[in-house]
Amino acid sequence: MKDSLFLGLICIMAVGPIPALGQAGVVGATENIRATPNGVLLGRLEAGFELASTEARGDWIQFTLEGWVWDRSLQTVNRQGFSLVVSAPDGENLRTAPSGDIVGSLEEGTLLEEVDRTTGWIFVRRVVWIWASSVELADSPVEPSANAGTAVWRSTGPSGATILTAPDGDTLAHAFPGSEVRMLAREGNWARVQVEGWTWLPEADEGFGEDAVETGLTPETVVTVDGEYSGRVVQWELQFISIESAESVRTDFYEGEPFLLMRSVDGQEIFVYVAIPPERKAELSGLSPLETIRVTGRIRTGAASLTGSPILDLLELIRR
């Protein structure tokens, strides 16, 4: 990772009133649901969907999503505490009851918890986040703050600006020329500004740190004792071969799950499969065959049931 982090700053939208914990609401318009605020897209809810909020964070509301999904569009997994994943290539509808009204849709790759099932249908649950302005709370709709128009905005100018942790403090980020920042306070020539931006931080990365990486584990070691190392985080030098989609016979994946076919560059040159989130498939399509890449991943299994090769869930990928 580069020493300096360059952020393309975005304008800060007005924050509506924060709902109380457990306050009921209704989705006012069709809206996306995400794994975290501004996080991975999980699906969409139709207008009129009723929810009870459990937490609010700025412009986002967290709630527990529940509903019925056709069982043929789901596959069993054991990942991140979830037992099911949406495996249908085009996603699947969420319903009020088996064959009931459609209240939303779920994206392919969305992980879910199974609560109950009946013939042909599974009742699922997951904590999700939704944009607060799309939710009408029980007493009143979410509206922009009354003082939203009084914010003081400044441009960083043609040379950009270095943002520090404090006056004369450490460098936190560099703003591109012409970026708009919101000024919160001023001390002489120093201004305290509010910064918002985006960085790649998949949900699976939570709790991952350099000290968690098992540097002594090799692909050769992992395959000899299948099951012992599941869940460990490793960093391996691997040679990229191709991007593939899992067939139904690969039972360690859900059908259609994208993965990188790779092989270790040391020792016995063992094949390694690296499962990737569907939303990263386009990003990784630029990898070159036989390119050596440093991959950090969490071991899903030490020996796949079909081939005996280790499978990693991708956490980080660095091209050499």
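In this predicted model, the side chain of glutamine 239 makes a polar contact with the side chain of arginine 263, at 2.7 Å. The glutamine 239 side chain also reaches a backbone atom: the oxygen of leucine 290 lies at 3.4 Å. Glutamine 239 is part of strand E20, which covers residues 233-245. Its relative accessible area is 16%. The cut-off for burial is under 20%, so glutamine 239 counts as buried. Residues up to four places away in sequence aside, glutamine 239 touches Leu261, Met262, Arg263, Val265, Leu290, Glu291 and Thr292.

The chain as a whole has 320 residues, and 39% of them count as buried. One helix and 24 strands were assigned. Among contacts between residues at least 6 apart, 60% join residues at least 24 apart.

The largest nonpolar core has 25 residues. Within this core, Ile33, Leu45, Phe63 and Leu65 touch the most other members. Six strands each supply at least two of its residues: E4 (41-45), E6 (60-70), E8 (82-86), E10 (102-106), E12 (121-131) and E13 (135-137). Leucine 65 illustrates the packing. Beyond its neighbours within four places in sequence, leucine 65 is in contact with Ile33, Leu45, Phe49, Leu94 and Leu106, and also with Val124, Arg125, Arg126 and Val128. Another core lies apart from the largest one. This other core has 20 residues, including Leu217, Tyr229, Ile276 and Leu284.

The structure holds one cavity of 30 Å³ or more. The space in the largest cavity is about 30 Å³. Its lining includes a run of residues from Arg250 through Thr251 and Asp252 to Phe253. Tyr273 also lines the cavity, as do Ala304, Ser305, Leu306 and Thr307.

The mean pLDDT is 79, and 80% of residues reach 70 or more. Over residues 1-21, however, the pLDDT is below 50. This stretch still has 51 contacts in the model beyond near neighbours in sequence. Where pLDDT is low, predicted coordinates should not be read in detail.

Key: Residues numbered from 1 in each chain as written. Heavy atoms only, no water. Core = buried A, V, L, I, M, F, W, Y, C linked by side-chain atoms within 4.5 Å. Buried < 20%, exposed > 50% of the residue type's maximum accessible area, 1.4 Å probe, protein only. Helix = DSSP H or I, 4+ residues; strand = E, 2+ residues; numbered from the N terminus. Contact = heavy atoms within 4.5 Å. Polar contact = N/O pair within 3.5 Å; in protein donor to acceptor, adjacent residues only side chain to side chain. pLDDT = per-residue confidence, 0-100. 1 Å grid on protein atoms, 1.4 Å probe; cavity = no way out; pocket = protein on both sides within 12 Å on 5 of 7 lines; lining within 4 Å. Points joined across faces, edges and corners; volume = space filled by probe spheres on them.
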